[in-house]
Amino acid sequence: MFSNNTKCSTSEDDDASIISQYAQDLLDYSSCYGSHGSLSYSAVNICGRPCKYPSYGDFAECFSLRHYGPRTDNEYSVKDIHDKITFHDFVVIQFENFVVPREITIFETYNPGAVVKILAYMWNDKRWEVLYEEQPMLVEKKSRAFCPKLKKVNAMTRVLRIEFDCSLLDYYIGIDSVLLTGLKPSTLIPQPVTESKFIMGLIQQKLDNVNFRPQLTASDAIEEFLKNDLNKFIENVGFTDSAVQIRREKAISDMPDEVIFKIMSFLDLKSLYNCSRVSKKFHQIAKDPLLYTEVNLRVYWYRVNTILFSSLQERCKLIRKLDLSSCGYYGSVTAEDFIKFLRANGRSLTHLRLNSSQFLNSFCLQQIGFKCENLIELSLQNYANISEEREFRPLSLLTRLETVDLSRSGIDTFALVTLMKSNKNLLHMYLAFNQQLSVDQICLHISIDLPRLRTLDLWKCHGLTTAGLRVLARCENLEVCDFGWNLREESIITDPFKNLIQNNPRIRKFVLAAVRGIAERDLLNIAALCTNLEYLDLMGIVGITSEAVHKILQSCNRLKVIDLSFCENLDDVTLFQWANEFNVCIKRSEVPSEF
Amino acid sequence: MQSSIITVRALSRIIKNKFSTFLDPAIHNSSQPHFVSVVVGFPKCLSNKYKIGKFGDDAWFTSSNSQADVIGVADGVGGWTRYGIDAGEFSSFLMRTCERLVQNNNFNPNQPVNLLSSSYKELLDHKKPILGSSTACVLILNRETGLLHTANIGDSGFMVVRHGEIVHRSEEQQHYFNTPFQLSLPPPGNANRVLSDSPESADTYSFPVKDGDVILVATDGVFDNVPKDLLLETLKGVEGEKDAVKLQMTANSIALMARSLSFDSNFMSPFAINARKNNIHTIGGKPDDITVVLATVNL
């Protein structure tokens with residue numbers, strides 16, 4: 001235990017039982033700007049004391065997420081059941097001592113305002129409790145110690161999950177550290193349960209926490225309808241004969257099953273489960289497999305458990321899209337549950353997202369390969385955070401994949417190559433943060449096997465060299481190219497780079513962050529050849545010049561965003577003028593100089 | 001921790017700075033091996049604003065955790081100034097990242113080379129391109145085993161004195177005269193014109209230390225100007241010294257010696273002797289940034 005991780009006991013109000021502590025360990029995270037095993041911009045920086053607060057800036061010593069702004073990646077094709085839920089990034093941290101939480105302070109050092117939800121894992125009840133939930137807000141751009149008003153709880157915790165919604169932000173966030181203040185529990189502190197231990201959730205508890213509150217605007221309309229117009233509606237559809245009137249008041253259950261079914265098709269999962277408890281008839285309708293073709297459990301990750309999962313298994317006979325991201329903390333869902341589910345319903349699945357799913361193991365991957373032959377999209381982000389042993393080879397049994405997201409999954413080169421060979425229709429491939437890959441070899445196979453590839457994300461894979469770039473130039477359909485932090489050893493990349501952009505005129509999003517070898521002539525080539533560009537990231541390019549930037553702005557008419565952070569030889573005033581002149585959003589960030 | 005870091009910038013001015021952030025006193029009990037260490041130095045050009053952790057292009061750090069005490073110095077290579085690059089930034093970043101890495105959970109107290117190479121990797125991962133090059137010397141005292149692990153790239157170095165004798169000292173690593181081994185990150189397009197050595201090319205030693213051993217870690221500003229015998233003579237006096245203030249006085253005098261000898265144009269300095277061995281006829285000291293970290297081992 002190191003100094004900056006440990007508690008700094010305070011005894012305010014003469015109350016010795018209040019302790020404040022900074023985060024000690026990082027347990028999980030959805031994304032971070034930095035790469036695994038590195039400190040800069042990575043999630044581990046959230047542990048320990050604040051080291052930059054109250055300075056404000058884009059510091060390498062703070063935790064930064066990889067994305068900001070509204071998620072525009074429409075390549076992701078699993079639509080949420082209700083649209084309101086946006087993607088939340090998260091981080092799970094552990095503190096040294098158990099406390100009953102009273103106050104949480106989050107030190108934000110860059111673009112504050114993204115914290116939307118804080119959950120605590122209650123050790124005694126073995127469940128997650130929401131302490132704070134709010135919409136993201138736009139706040140002044142200066143560092144702040146964010147101290148949200150927490151829901152009063154009386155159970156103790158030492159694990160927090162903080163969720164971020166960056167959709168309102170116009171640049172990366174920076175979180176320095178998290179301070180948890182709370183009462184020392186007077187009761188005996190239980191030994192922390194090992195993570196793999198199987199904990200049975202209670203269905204009763206799950207149902208108790210389910211409120212009938214559909215989150216859809218359409219469902220407001222339904223409520224309205226139920227309140228006001230139902231009787232009239234039933235009259236209109238022909239229940240007006242006197243016999244019915246005499247017997248009893250009209251009820252919603254008098255409607256034809258088809259109508260009830262139609263109404264239910266607007267409901268979210270929680271509400272469907274509530275409906276099942278109303279009556280036998282409702283139960284019959286509410287468990288119709290047609291209502292469960294797209295199931296998104298990501299938003300209910302902290303309520304999902306074995307029992308819910310096995311009851312879903314019955315209902316999901318026709319399931320096509322399944323999102324189990326973040327499910328399975330502390331053994332609430334196990335690999336066996338998932339495999340059982342796949343055995344029953346895997347064949348119909350077309351979309352499967354398992355980002356940060358805690359139960360994943362090699363056996364699950366094997367079953368995905370065996371059972372889910374119709375998969376079109378597979379997403380396995382952050383698998384590398386979960387498990388040490390990885391066996392991806394069974395995935396090559398899949399043949400219809402179009403989108404595969406293996407960011408930070410730890411896939412090995414051989415498995416990826418076989419996967420590509422058997423899925424020649426791949427359109428979108430996300431490989432960010434996989435430093436173990438020999439990227440040049442992957443590029444070679446892309447150029448041979450994946451002629452239709454449109455999206456290639458190699459962010460922080462580090463392995464791409466000019467050799468890889470040269471073979472990649474044979475692709476012709478690339479639209480989104482992310483080479484961020486690659487090509488680091490290369491100082492001259494002009495020719496292969498030119499070939500690449502010559503053959504791929506449709507590129508609209510091009511990330512070249514920290515590709516330090518980019519020189520002025522390469523930028524002029526971009527200006528001449530990439531006329532469809534909408535987003536260009538040139539963060540940290542040393543050889544950039546104002547003339548080249550001006551050329552790009554002039555010739556790329558569709559350009560909306562250009563990131564020129566840490567490009568030191570550019571003049572802010574000129575850039576500001578150009579931003580107005582060309583109607584382009586120019587991103588700039590600086591660190592206050594300290595050296 | 002008893003170690004206090006005292007920094008002298010000029011003769012008349014002593015800045016005393018106890019780092020409370022280092023450790024909670026509770027973390028290591030005094031029975032565990034640790035350093036009592038002090039720092040002193042001069043930038044070549046005294047008019048620059050003083051910043052903690054650096055003297056001109058030199059940079060240093062001391063850090064510790066429950067497993068180990070760590071000392072490091074680095075000397076930024078000045079040749080980059082003409083490319084418009086601040087030579088001190090690279091060395092300073094390298095040392096400060098080392099300091100942070102020591103506090104990290106993955107820190108391995110037996111692998112100073114890992115510390116240097118992870119620090120170098122962080123440089124590459126920084127959004128702002130930090131260009132330049134630097135020599136570096138890192139010493140890790142493993143509290144548990146009582147072993148001192150060292151890694152040295154270039155012409156900075158260390159010296160361990162016990163019973164009036166030098167028992168260990170680092171070798172200078174040079175490509176050729178006055179061109180030390182160096183970690184570097186050249187501006188794009190210059191890669192093949194620049195010497196760049198990997199952190200793995202560092203000279204490493206591991207040896208046990210005894211109570212009272214004196215350890216001098218310094219940049220070439222000291223070793224190029226102060227003859228070995230004179231250093232030894234001075235260091236002998238503080239063997240077993242646990243008082244940081246007395247240690248500081250000795251460190252000050254070494255730094256002052258180096259400073260005044262470096263500007264003495266008639267002095268046959270170690271640098272001049274080396275130059276003559278390479279058929280360069282010269283005399284006098286070599287004005288340079290000077291950093292001295294002086295520590296005694298407390299078992």
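Predicted model: local features only at pLDDT ≥ 70, side-chain atom pairs only at ≥ 80, totals over all residues.
Trainee: How many residue pairs are in polar contact across the interface of domain 1 of chain A and domain 2 of chain A?

Mentor: A polar contact is a pair of N or O atoms within 3.5 Å; within protein, one must be able to donate a hydrogen and the other to accept it, and residues adjacent in sequence count only if both atoms are side-chain atoms. Across this interface the rule finds 8 such residue pairs, both residues at pLDDT 80 or more. On the side of domain 1 of chain A that touches domain 2, the residues divide into 7 nonpolar, 3 polar and 6 charged; Ala, Val, Leu, Ile, Met, Phe, Trp, Tyr, Cys and Pro count as nonpolar, Asp, Glu, Lys and Arg as charged, and the others, Gly among them, as polar.

Trainee: Which salt bridge involves Arg66(A)?

Mentor: Side chains of opposite charge can pair when their charged atoms come close. The rule requires a side-chain nitrogen of Lys or Arg within 4 Å of a carboxyl oxygen of Asp or Glu. Arg66(A) meets Asp457(A) in this way, at 3.2 Å from N to O.

Trainee: Are Arg353(A) and Asp323(A) buried or exposed?

Mentor: Buried means under 20% relative accessible area, exposed over 50%, and partly exposed in between (1.4 Å probe, protein chains only). Both Arg353(A) and Asp323(A) are buried, and their side chains form a salt bridge of 3.6 Å, N to O.

Trainee: How does the pair of Asp449(A) and Lys424(A) read?

Mentor: These side chains meet in a salt bridge at 3.4 Å, N to O. Asp449(A) counts as buried because its relative accessibility is 3%, whereas Lys424(A), at 43%, counts as partly exposed.

Trainee: Which residues of chain A are linked in a network of salt bridges?

Mentor: The network links Asp125(A), Arg127(A), Glu129(A) and Lys151(A). In chain B, Lys286(B) pairs with Asp224(B), the closest N and O atoms being 3.3 Å apart, and both residues are buried.

Conventions
Residues numbered from 1 in each chain as written. Chains lettered and ligands numbered in written order. Heavy atoms only, no water.
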